[in-house]
Amino acid sequence: MEVIRIDYLNVPKDLLKSSCCIGFFDGLHTGHQALLDNCILKAKELGVQSGLITFDPDPWKIFFPDRVCRHITTLEDRIHLANAMGIEVMYVITFSKDFAALDVDAFHLLLQKMNVCHITCGFDFKYASKNSGNVHTLQNQDYFNVSVIDSVNSKNEKISSSRIEPLIQSGKIDLANELLGYMYSIEGIIEHGFKRGSTLLKFPTANLGANADYLVPSSGVYAGFVCVNDIFYGAMINVGNNPTFENKKVSIEAHIFDFDQDIYDQRVRFFFLKKTRNEIRFNGFEELKKQLESDIITCKKVISREKMYVQKTAVLWDATAVLWDAKVFEFKSLF
């Protein structure tokens, strides 16, 4: 997939004609996926390329620079997922206060200059200065055709990034994953930790120096996976400050099943499948070790029940296999 940065004052003149969906698309959840599906369908009907139009940086960072702004997905994640979902070109419009001040007609003209012949948007899409543009103003212009996608709901409530975010932060990862359509994940670099897992407890862990842009799930133990070199390995993931050891800094660490590689300083991705318990304080190493042994059994049981769900995530992230309990599941070959 081609990624093209767009400065609204200097739009390239040789862009190919496209059918595009438009929005910020944090998470590219199942609601967003309905827009992508329609966009791709229209592109095939019109014989043009399918495109996704998004914005960078997040508009919230421009208008509220002092506010902490975390996301379900980074821009790089959205690029990867959009490509995996079948989009052929991604337009990243540089967001600024000047761009946000464009009136409705100027916004339409920008899309026309980008050689967009069809736009797919959600029913509540807003744009242009002070959100003065909506689906009605979009449908009433003459530069391109428009498809409006109705609300995509789960349990009679719209699926949205703002609905998913608190689910992640409260540890309700399985509910967040249902709305995303795949497992929530965080990318980062494996760092050196206190080494208590390998030396004191005999449960070595990989400590993730996570990208600060991500939402972090609440403290506790999660069944999940660690993706190393495009291979998924089953894992028990702990988020928290390890109250037994009175750590002050929140850590994200994983005990990877049947794994003995040195991955320090390597970029990896942690996938969260389901929370299995809250973080608690233990009265010594032996009590903690006994609980960890039980946690591993629980996490493996959770993973074994979610094979098809894990399969979709593995394919989205180009993983060739999923490993746990010394077994290999060749998921990608099923597609």
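Colleague: Let's start with a cysteine. Is C117 buried or exposed, and what is its relative accessible area?

Modeller: C117 is buried, at a relative accessible area of 19%. The cut-off matters here, because buried means under 20%. Keep in mind that this is a predicted model.

Colleague: How many disulfides does a search of the whole structure find?

Modeller: Zero, over the whole structure. To count, a pair of cysteine sulfur atoms has to sit within 2.5 Å. For C20, the nearest cysteine sulfur belongs to C39 and is 5.9 Å away, so by that cut-off C20 is in no disulfide. C117 is in none either, its nearest cysteine sulfur being that of C20, 8.1 Å away. As for burial, C20 has 0% relative accessibility and counts as buried.

Colleague: On to helices. What span should α10 have, and what is the distance between its end C-alpha atoms?

Modeller: Helix α10 covers residues 285–305, which is 21 residues. At 1.5 Å a residue it should span 30 Å, and the end C-alpha atoms are 30 Å apart, so the two agree.

Colleague: And which residues of α10 are buried?

Modeller: First the general idea: an α-helix has 3.6 residues a turn, so residues three or four places apart point the same way. In α10 the buried residues are L288, L292, D295, I296, C299, K300, V302 and I303. Looking down the axis, you'd see those buried residues fall within an arc of 155 degrees, so they line one face of the helix.

Colleague: Which exposed residues are on the face of α10 turned away from the buried side?

Modeller: That face carries E286, K290, K301 and R305, which are exposed.

Colleague: How many salt bridges does the search of the whole structure find?

Modeller: Nine. Among them is one between the side chains of D56 and R5, at 3.0 Å, N to O. Since D56 lies in strand β3 (residues 49–56) and R5 in strand β1 (residues 2–6), that pair ties together parts 51 residues apart in sequence. D56 is partly exposed at 21% relative accessible area, and R5 is partly exposed at 47%.

Colleague: What about E157: which side chain does it meet in a salt bridge?

Modeller: That of R163, at 3.8 Å, N to O. The cut-off is 4 Å, so this pair counts. E157 is partly exposed, with a relative accessible area of 44%, whereas R163 is buried at 15%.

Colleague: Which residues are linked in a network of salt bridges?

Modeller: D77, E187, R267 and R269.

Colleague: Last one, away from charges. Which residues make the nonpolar surface patch?

Modeller: W60, F63 and F64 make a patch of about 320 Å². If you want to find F63 in the model, look in helix α2 (residues 59–63).

Key. Residues are numbered from 1 along each chain as its sequence is written. This is a predicted model: local features need pLDDT of at least 70, side-chain atom pairs count only at pLDDT 80 or more; totals for chains, interfaces and linings use all residues. Side-chain values use heavy atoms; hydrogens and water are left out. Patches are made of residues with over 30% relative accessible area and no salt bridge: like charges are joined within 9 Å, nonpolar side chains (Val, Leu, Ile, Met, Phe, Trp, Tyr) within 5 Å. Accessible areas come from the Shrake-Rupley method with a 1.4 Å probe; for residues, only the protein chains shown count as cover. Helices (H or I, at least four residues) and strands (E, at least two) are DSSP runs, numbered from the N terminus. The expected span of a helix is 1.5 Å times one less than its number of residues. Buried means under 20% relative accessible area, exposed over 50%, partly exposed in between (1.4 Å probe, protein chains only). The arc is that of the directions from the helix axis to the C-beta atoms.
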